[in-house]
Structure formats: structure tokens, C-alpha cells
Amino acid sequence: MFRSILGAACVAASLSTAAFAEQWRAPEEVLQELIDSKESAYLTQSEQNIMMMPDNAALFVAEEGKVLFHEPRGPNAVSLETCDLGKGPGVVDGAYVELPRYFEDTGRVMDLESRLVHCMTSIQGFAPDSPEVKTRHGSTSDMMKLQTYIASQSSGYPWNPPLDHPLEKAMRDAGEVLFYRRSGTSDFACSTCHTQTGKRIRASVLPNVKDPQEWTKAISWPAFSVGPQEVRSSNHRIQGCYWQMRQPQSIPGSDAAIALLSFWTDAARGQAAILPDKKR
């Protein structure tokens, strides 16, 4: 049923946007194509999740986010249809796979979450400490619904974060340093777990950053996480990794968090995104 809802929306969009019709694909189709193209214990580790992808609960969250995106809200009673995510005001098709990117109006490289905060506060007039802006985690938060909807419109599009502006390149390079920098009481880095194929934490097979076909699934957030039974974002995943490494938490929207995301997406460049995904 969920696939039908999302599919119908995309077919409607395809009538006016040829490029969308050529590139948007259902997340389960993208994942199956990856599985068929290579042998990977990471891609195939959860048979149940693969079977349930067409009925992913995250698709419900995306539908709720679509309503929020187009609904006049906030003190200014306007929608987010004038929010520029990098491809023009209100354009969401293929926007997520080209983030983080530099925005001239803020003079910063921004990821989806920080850009949404900017649009909700500057366009809709929400206060930075309002629940709509401040509550970032959980399937019921506005932020998670909006992120899931916007990201879902990039399913099947290849990751293609721009590196034209010097700050985009600098953030990508800083993210690579953070990824490989060992620190903390356990002397861990992201690379400790994610630079070899077949590594595990208990029963979970870990993705290898050097394998773009594995890495595209690894960074395909938002995703419904089966353990906590909720949709989580890229920033939530980063925080989870830093907690597991027993290091201080990253702050969503900070330069450090955006730098890591810049390196993440560049490492999966050219591979199709699976959005929203379903993970263990």
C-alpha cells in the first residue's frame, strides 16, 4: 500500500518532470539492483527488512512530511514552497543527494537539517527554540517528517554533492580527517569499523566506506530503524556512532557534523540512493 501511495505521487510528478521519471526509483528496487550486482553480506544481512521494504513505515512519515512541507505554518503562516534546498525554491526532486552544499544566502555549507532550520526560522518565522524546530528526533517530530519526505524524492538519484565552491571542498576534506582521526578513551575512529569488508559488531555486518555499493546503503538516511521502531536521520546515526566510540556527541548543524556528512556523500558518489531505507 505504501509503495502505491509513493509510486502514485511520483507518477504524477513525472508528467511534468521528465528527468524525475528517468531517475526516481522505489527504494526496494534500488536495493535489489545492488544485491543483484554484487555479493555483499552487508547488503543482504536482513532478509526480513528486504521483504518489508515496500511496506516501510518510513513511507508513512514521508507522507506526513509532504503535508507539512506544503502547509502554511508558523507565525508567518506560509509553506516551505519558497525554501531553496539548492535546486530552486520549493524543488525537492533530487535535492537531497546534492547536499551538503554551499548556500550563498547564509555563506555556509549546509546539510538538509540545517537548511530546514534556516527555512523554518527565516521563512515561516518559527523561533529557534520552538518545538517545531528544536525537536529533531523521532518519527513524530516535524523535522523528521520533513526530512523523510524531502529525502524520499531523491530515491534512485545518484549521490552528487557539489565540490565547486572552496568551502564545499574544505568541508569534504575536513570530514575525511574526522572520519580517520582516532581519539577518545577507546582510541577509535569511524574508520576503525568502516574500512574493511565483512567486519561485524556482534551480529551486525558493517559497511565499508571504500565500497560505494555498500556505502550508499550505509548513508541512506532517513531510515526506519527496527530496533528503536522509529525513523532516524543521518545526524542521529552520527551521534549513535560517536556514542558507541565513547566520544563526545556531535551537534547537528555544526561544521563538524556537516563535514562528516560531506565526506560520507562524496564516498558514495555516483551510486543510487535508497530513500527512505529500512535498517536493523
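Is Cys193 buried or exposed, and what is its relative accessible area? Cys193 is buried, with a relative accessible area of 17%. Buried means under 20% relative accessible area, exposed over 50%, and partly exposed in between, using a 1.4 Å probe and protein chains only.

This is a predicted model: local features need pLDDT of at least 70, side-chain atom pairs count only at pLDDT 80 or more, and totals for chains, interfaces and linings use all residues. Residues are numbered from 1 along each chain as its sequence is written, and side-chain values use heavy atoms, with hydrogens and water left out.

**The disulfide**
- A disulfide here is a pair of cysteine sulfur atoms within 2.5 Å.
- The count by this rule is one disulfide.
- Cys83 and Cys119 form a disulfide, with their sulfur atoms 2.1 Å apart.
- The link of Cys83 and Cys119 is right-handed, with 75° about the S-S bond.
- This pair links distant parts of the chain, 36 residues apart: Cys83 lies in the loop between α5 (58-70) and β1 (101-103), and Cys119 lies in helix α6 (residues 112-122).
- Helices (H or I, at least four residues) and strands (E, at least two) are DSSP runs, numbered from the N terminus.
- Cys83 is buried, at 0% relative accessible area.
- Cys119 also counts as buried, at 1% relative accessibility.

**Cysteines without a disulfide**
- Cys193 is in no disulfide; the nearest cysteine sulfur, that of Cys241, is 7.8 Å away.
- Cys241 is in no disulfide; the nearest cysteine sulfur, that of Cys190, is 6.3 Å away.

**Helix α8**
- Helix α8 (residues 142-152) is mostly covered, with eleven of its eleven residues buried.
- Its buried residues include Asp142, Lys145, Tyr149 and Ser152.
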